[in-house]
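Here are my notebook entries from an afternoon with one model.

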Amino acid sequence: MAHISTGDMLRERVASGDQLGKAVAGIMQSGALVPDELVNQLVEDRIDQPDCANGFILDGYPRTVSQARLLTVLLAAKQIPAVVVHLKVDYNVIIARLAGRRQCPTCGALIGVSSSAPEVSEFCDRCGSTLVIRDDDRPEVVLERLNAYDRQTMPVLESLRSVGYPMWDVEGASRSPQAIAADIVELIEKFRAEQTNRNDRAQESGGA
Ligand code: AMP
């Protein structure tokens with residue numbers, strides 16, 4: 001599945017220095033959310049790309065109720081089934097993780113210095129570049145990001161639930177990234193099998 005991270009897409013635009021990048025750089029550095037119309041347009045264009053035809057994972061989107069509404073309309077129009085994965089992590093754990101997080105400026109890899117790769121804390125284990133601390137992983141910015149999550153993103157869960165998307169709460173604080181990923185993959189495979197069965201039944205009854 002294609003991995004679509006709106007944060008990564010926005011950081012790429014900031015690095016490229018184009019008009020959109022210049023418009024959002026300051027907002028991102030403050031930890032606030034960038035305007036819905038900009039992010040919605042990026043996502044709308046991205047999911048039309050060929051690599052999304054077999055499914056995609058939206059990471060960091062939707063983050064507001066207005067984004068969720070647009071996404072719901074887009075998915076319905078394209079008849080794309082979706083599930084919501086809610087990774088539950090205590091705020092203190094998030095703060096500690098972000099404080100230890102580094103990013104590769106070349107390939108974008110994110111590395112938790114304390115957990116996943118203590119032995120390569122300075123260099124990217126994929127491409128060897130020197131790792132950096134993301135501007136918005138500074139503690140004062142992290143607090144603003146958590147505030148934005150509380151105010152603007154928490155209501156998204158209810159909004160998506162009310163549309164009828166299946167919603168999975170996955171405990172993300174105490175287990176390894178591999179264990180969490182394995183749980184999510186298992187849930188997605190189950191969901192896909194159900195969808196296939198449902199389509200087969202619909203075809204059979206349509207053909208009868
Ligand atoms: P992330 O990498 O997902 O933590 O996003 C980093 C920053 O990019 C956020 O703090 C926002 O400023 C911006 N951003 C990413 N995704 C969105 C979104 N869906 N809506 C608004 N702003 C976003």
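**Entry 1: the ligand shell**

I began with the ligand and found that helix α1 (residues 6-16) gives the most to the shell around it, with 4 residues. Helices here are DSSP runs of H or I with at least four residues, strands are runs of E with at least two, and both are numbered from the N terminus. Before going on, I noted that this is a predicted model, where local features need pLDDT of at least 70, side-chain atom pairs count only at pLDDT 80 or more, and totals for chains, interfaces and linings use all residues. Residues are numbered from 1 along each chain as its sequence is written, and side-chain values use heavy atoms, with hydrogens and water left out.

How many residues surround the ligand? I got 16, and the closest are Thr6, Ala32, Gly60, Arg63 and Gln67; a residue counts as near if one of its heavy atoms lies within 4 Å. By class, the shell divides into 7 nonpolar, 4 polar and 5 charged residues.

Threonine 6 places a polar side-chain atom 2.8 Å from a ligand nitrogen. Arginine 11 has a polar side-chain atom 3.0 Å from a ligand oxygen, and for arginine 145 a side-chain N or O atom is 3.1 Å from an oxygen of the ligand. The ligand taken alone exposes 480 Å², of which the protein buries 94%; the areas come from the Shrake-Rupley method with a 1.4 Å probe.

**Entry 2: cysteines**

I then searched the whole structure for disulfides (cysteine sulfur atoms within 2.5 Å) and found 0.

Cysteine 104 is buried at 1%, and cysteine 124 is buried at 4%.

**Entry 3: one aromatic pair**

My ring search returned 1 aromatic pair. The rings of tryptophan 168 and phenylalanine 191 have centres 6.4 Å apart and planes at 80°, so the pair is edge-to-face. The cut-offs are centres within 6.5 Å for rings of Phe, Tyr and Trp (its six-membered ring), with planes under 30 degrees apart stacked, over 60 edge-to-face and the rest tilted. Tryptophan 168 sits in strand β6 (residues 167-171) and phenylalanine 191 in helix α7 (residues 177-207), so the pair ties together parts 23 residues apart in sequence. Buried or exposed? Tryptophan 168 and phenylalanine 191 are both buried.

**Entry 4: spot checks**

Alanine 173 lies in the loop between β6 and α7 and is partly exposed at 23%. Glycine 17, in the loop between α1 and α2 (19-30), is partly exposed at 29%. Alanine 99, in helix α5 (residues 91-99), is exposed at 52%.

Technical notes:
Buried means under 20% relative accessible area, exposed over 50%, partly exposed in between (1.4 Å probe, protein chains only). A polar contact is a pair of N or O atoms within 3.5 Å; within protein, one must be able to donate a hydrogen and the other to accept it, and residues adjacent in sequence count only if both atoms are side-chain atoms. Ala, Val, Leu, Ile, Met, Phe, Trp, Tyr, Cys and Pro count as nonpolar, Asp, Glu, Lys and Arg as charged, and the others, Gly among them, as polar.
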